[in-house]
Amino acid sequence: MDLSRTSILEALDQRIPGATIRFAGVGMGLLAACYCLISTGPFQFPSDDSYITLEFARNFAATGRFTFDRIHAASGATSPLHVLVLALASRLGFGLEAANAVLGILFFLLIIERTGALAWRLTRSRPVALFASTVTALSGYLVYDSLNGLETTLFIFLTLAWVTSIVVFVETRKVTVGAILWLFLALLTRPEAAWLAASVGAYL
C-alpha cells in the first residue's frame, strides 16, 4: 500500500466532494461567529469608528450626502461603499446596528468561500482548498473582524475576488469585467486598494 504524501492527497482529492470545500468552511465560520455573538454578553461594536460609520450611513440615508451632523458635508468616512451599503439597508427598513453585524458576518463567510475557491484554482487540490477554507474559518482575527462593525471583511472579500480575477487573467490573458469591477469596488471601500493594484501591476 502506497502511503506517500502524494498518494494520500490524491486519494483525498477523489473522496472530497466539491460542495464540501464550499460549505464545510462556511459552516464552521458561521458557527464561530455565532459562538462569539452568544458568549460575549450584550452585543456592542468594539470601536468608536463603527458608530461613526453608522452615523454617516444614517445621515446619508436621510439626506443623500456624506455628513456627520446632517448640516455640513464631510469626507470623514474612509469607506464610502460601506456607508452606502448600510444606508441602503436603512432605507429598506433594517436596523443599522443589526444590518452592520449581519453584513460583517456575510462577507466573512464569502471570504471563506473565496479562499477555498482560490486555493483550488492555484493548486487543483481539494484537500488543500478544504484546509485553506477551514483555517480561514477558524482564524480568530477574522471572526473578530466580522463583528467589529467596520469595512474589514468587505474589503478583504473584494480584494480576494479581485486577486482571483487576476489569477484568471494570468492563466488566460483575458481581462474580465470582474477584474475591473472588483478593483473599483475595493477602491471605494479602502484607499489602500490603490497600493495593491500598483503592486500587482508592477508584478505583471
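Buried, in what follows, means under 20% relative accessible area, and exposed means over 50%, with partly exposed in between. The model on the screen is predicted.

I'll start with Thr159. Thr159 sits in helix α8. Its relative accessible area is 13%, under the 20% cut-off, so Thr159 counts as buried. What does Thr159 touch, leaving aside residues up to four places away in sequence? The partners are Ala186 and Leu196.

Now Ile156, again in helix α8, which covers residues 152-172. With residues up to four places away in sequence not counted, Ile156 touches Ile111 and Leu142. There is also a distance to note for this residue: the C-alpha atom of Ile156 is separated by 9.8 Å from that of Thr189, and the two residues are 33 apart along the chain.

Last, the surface. Which residues form a nonpolar patch there? They are Leu88, Leu92 and Phe94, and together they have about 350 Å² of accessible area. Take Leu92 from that patch. Leu92 is in the loop between α4, residues 80-91, and α5, residues 96-123. Is Leu92 buried or exposed? Its relative accessibility is 59%, which is over 50%, and therefore Leu92 counts as exposed.

Conventions
Residues numbered from 1 in each chain as written. Predicted model: local features only at pLDDT ≥ 70, side-chain atom pairs only at ≥ 80, totals over all residues. Heavy atoms only, no water. Helix = DSSP H or I, 4+ residues; strand = E, 2+ residues; numbered from the N terminus. Contact = heavy atoms within 4.5 Å. Buried < 20%, exposed > 50% of the residue type's maximum accessible area, 1.4 Å probe, protein only. Patch = residues over 30% accessible without salt bridge, like charges linked within 9 Å, V, L, I, M, F, W, Y side chains within 5 Å. Areas by Shrake-Rupley, 256 points an atom, 1.4 Å probe, with all protein chains shown as cover. Salt bridge = Lys/Arg side-chain N within 4 Å of Asp/Glu carboxyl O.
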